[in-house]
2 protein chains.
Amino acid sequence: MLLNDRKYRILEAIINDYIQTAEPIGSRTIAKKYGLGISSATIRNEMSDLEDMGFILQPHTSAGRVPSDKGYRLYVDSMMRQRPLTEEETLFLQRMMINNFNQIEYMMQETAKAVALLTNYPAFVSEPYIKKTKIRHVQFVPLDEKSVLLVLVTDAKAVKNQTVSLPNAPDFETLTKLSRVLNQNLEGQTVHDITRETVDALFSQFGKHAYMVMPVLGVIADLIQAEDDVRIITSGVKNILAFPEFSDISKAKAIFQALEEREMLITILGQEQSERIQIIIGEENNLEPLRGCSIIKANYSFDNQSTGCIGVIGPTRMDYAQAVSVLEGILINITAVIEALSGG
Amino acid sequence: MLLNDRKYRILEAIINDYIQTAEPIGSRTIAKKYGLGISSATIRNEMSDLEDMGFILQPHTSAGRVPSDKGYRLYVDSMMRQRPLTEEETLFLQRMMINNFNQIEYMMQETAKAVALLTNYPAFVSEPYIKKTKIRHVQFVPLDEKSVLLVLVTDAKAVKNQTVSLPNAPDFETLTKLSRVLNQNLEGQTVHDITRETVDALFSQFGKHAYMVMPVLGVIADLIQAEDDVRIITSGVKNILAFPEFSDISKAKAIFQALEEREMLITILGQEQSERIQIIIGEENNLEPLRGCSIIKANYSFDNQSTGCIGVIGPTRMDYAQAVSVLEGILINITAVIEALSGG
DNA sequence: GTTAGCACTCATATTAATTGAGTGCTAACG
DNA sequence: CGTTAGCACTCAATTAATATGAGTGCTAAC
């Protein structure tokens, strides 16, 4: 059952208006505000049809109409108009990314902040996820008599470091040698690649420093383990307070609660990653605490191997066009920056 | 004008009750709930006196009484009873600190989280602050053909790293040599200590890799600069939503706003650091957006050189005893952990 | 000095009345 | 036949009127 042009335009007016005002909208208002050239009575008839079709609904008999999830779905699928980012916005994003390109954690943090700022919705970003992180380089850095810093660079160029406590730490020269030994044996491997033979080799090549082998391998395993966990960062959660939908403190609290729970976020992010940008409207997500919220997420990938996603969450009445535009802009710019920096 | 025992006990009852219920309390309730052995009429007379003295006040003529800032001041200065942390709480804190001792940033983050969790108030932690960070160790770590990772360890054992982009990066051997050169020239210095002579020396000792000197020094300067900035981390800001004082969304929003502004936080933290634990009640702080809030902060120091503070913020009616207990516990445990790890 | 008793105050809760945005239906119109 | 004017009807939200009750201060008696 297709919508005729008039119904289509009326629905469009209702949704646009509701996204802006959060108030149910009536026939008379539509007639006055959106010059469609028909009377309010006609609009009433059409609205009655739209309601039967399930695109809009009435909070109560004497109120105006409000878009339903199905209505929003139609909207995002076929009537929403995206706008490209302004030059300013693009510049802002690019500058941020270039500044933080080498520190993946800051980059995520800053990206989340940027998205929250540009959309005015709470934003979340999941770190690039690689199934099996490989060791690209390990190196000791002297710290003091009883500890050595171990720096680990992964194949995704993430840099991690952790102190290894030892009864007494070797000097700079020795550490340099040991660093070389470590690299010769471990470079290019995942934690699971490390065999008994490798460990044996390390023990013998470390010579009188063999006592270091196990602590060091432990730290490496920990660091990679931590790297293999998906990290999720949120920003601007307080933005939710600006929407009348959450003027009831208990609802606001529920959102805060939800966005603080890792499990919840992972569930959100986990859903299929096929599309470039995915929109989950209202009841389409089946997480109890997030009923009445919509989620927009953009899946990005990195070197064709690590993937992650960036998204925002808001009331079902959120400004989809705006949010999608920003996320789209981020995707484009991430790609651009990565290419410029790694390709150039 | 000293309070007699009876007035003292009545005031105590009022404050304790108000901290718990957030409702003005009347004479009859005090008589019934807190068996002081006197009638409500007597209590009324005493309360009238207490009001004249400025310890309590009446929101309106026919309401009960509420403690004034002056009342709270008396309370925290002389009638509040601290309780030691439970064994569980202590264990929780110590475990957290030991786990994160070597990664100062995580440690701060986790400390803030812990304080927020134990007190149920928003918490903030400022990073240990050293006026002039000294270079303890610098080292190159190979990354790829066009970049080298620079790892910097400061005298506070903070580890920082940043990629240096170069037209073509030297190999491992060379980097090791250059690392040594760098250390010989820079160890123990602050950024301001670096003289023209030092730079000249680097240029000549770097030989054909002299082109690296300026980029490297730039990165070092940046890292130390960033380190010299005070960082402040907050956690559990949403806890504020649990208090009826902030059930008005706009007030909650103001707090969120305030705690997101670095400047504001620095002002809070900046105030005199003489006392071990400092309590700022209501109007005693003169930051407009935080009117009606109290702040409790604990100043810690680290190796007698770096200092910072940990605090919570809440309604003036906050549970001072509880919050002070937790902060006191943290101070004790920080010291204990530091001594155990560095001394042992 | 303490307390019972009473008149008084005033925020809050309750109820009632009013308003007005919005609907659906019907009948007339081009 | 599709469109529209008109009208009766609905119901959340606003306003006004009223009642309630927790609390006070004061006075007079114990």
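Q: Which residue of β6(A) does Val148(A) stand opposite?
A: Val148(A) faces Val164(A) in β6(A). Bear in mind that this is a predicted model.

Q: How many bridges join β5 to β6 in chain A?
A: Seven bridges link β5(A), residues 147-154, to β6(A). The two strands run antiparallel.

Q: What holds strands like that together?
A: Strands of a sheet pair through backbone hydrogen bonds, either parallel or antiparallel.

Q: What is the strand order in that sheet of chain A?
A: The order is β4-β5-β6. The sheet is open, has three strands and pairs them antiparallel.

Q: Which strands stand at the edges?
A: β4 (135-144) and β6 (159-165) of chain A. Each has a single partner strand, so one side of each is left without a neighbour in the sheet.

Q: How are neighbouring strands turned against each other?
A: By 20° on average, direction ignored.

Q: And which strands does helix α7 of chain A lie across?
A: α7(A), residues 172-186, lies across β4 and β5 of chain A. The helix runs at about 160° to β4(A).

Q: What about α9 of chain A, which strands is that one touching?
A: Helix α9(A), residues 213-228, packs on the sheet and touches β4, β5 and β6 of chain A. Its direction makes about 145° with that of β6(A).

Q: Now the confidence. What is the mean pLDDT of chain A?
A: It is 87. In chain A, 94% of the residues reach 70 or more.

Q: Which elements of chain A have the lowest and the highest mean pLDDT?
A: Helix α11(A), residues 262-270, has the lowest, at 80. Strand β2(A), residues 66-67, has the highest, at 96.

Q: Over to chain B. How many residues of β4(B) are buried?
A: Nine of its ten residues. So strand β4(B), residues 135-144, is mostly covered, where a residue counts as buried if 20 or more other C-beta atoms lie within 10 Å of its own.

Q: What joins β4(B) to β5(B)?
A: A hairpin does, through two residues. Eight bridges also join β4(B) to β5(B), residues 147-154, and the strands run antiparallel. In that pairing, His137(B) stands opposite Val153(B).

Q: New topic. Where is Lys70(B) found?
A: In helix α4 of chain B, residues 69-79.

Q: Why is Lys70(B) partly exposed?
A: Because 15 other C-beta atoms lie within 10 Å of Lys70(B). Buried takes 20 or more, and exposed takes 12 or fewer.

Q: What does Lys70(B) touch?
A: Gly54(B) and Phe55(B), leaving out residues up to four places away in sequence.

Q: How far apart are Lys70(B) and Glu12(B)?
A: They are 58 residues apart in sequence. In space, they are 13 Å apart, C-alpha to C-alpha.

Q: Which element gives the most to the surface near DNA strand D?
A: α3(B), with four residues. By class, that surface has six nonpolar, twelve polar and three charged residues.

Q: And which residues are closest to DNA strand C?
A: Gly26(A), Ser27(A), Gly64(A), Thr42(B) and Ser62(B). DNA strand C is surrounded by 21 residues.

Q: Which element gives the most there, near DNA strand C?
A: α3(A), with four residues. The residues of the surface near DNA strand C divide into six nonpolar, twelve polar and three charged.

How values were computed. Residues numbered from 1 in each chain as written. Chains lettered and ligands numbered in written order. Predicted model: local features only at pLDDT ≥ 70, side-chain atom pairs only at ≥ 80, totals over all residues. Pairing = 2+ DSSP bridges. Axes fitted to C-alpha atoms, helices over the stretch in contact; angles between N-to-C directions. Contact = placed C-beta atoms within 7 Å. pLDDT = per-residue confidence, 0-100. Nonpolar A, V, L, I, M, F, W, Y, C, P; charged D, E, K, R; others polar. Near = placed C-beta within 6 Å.
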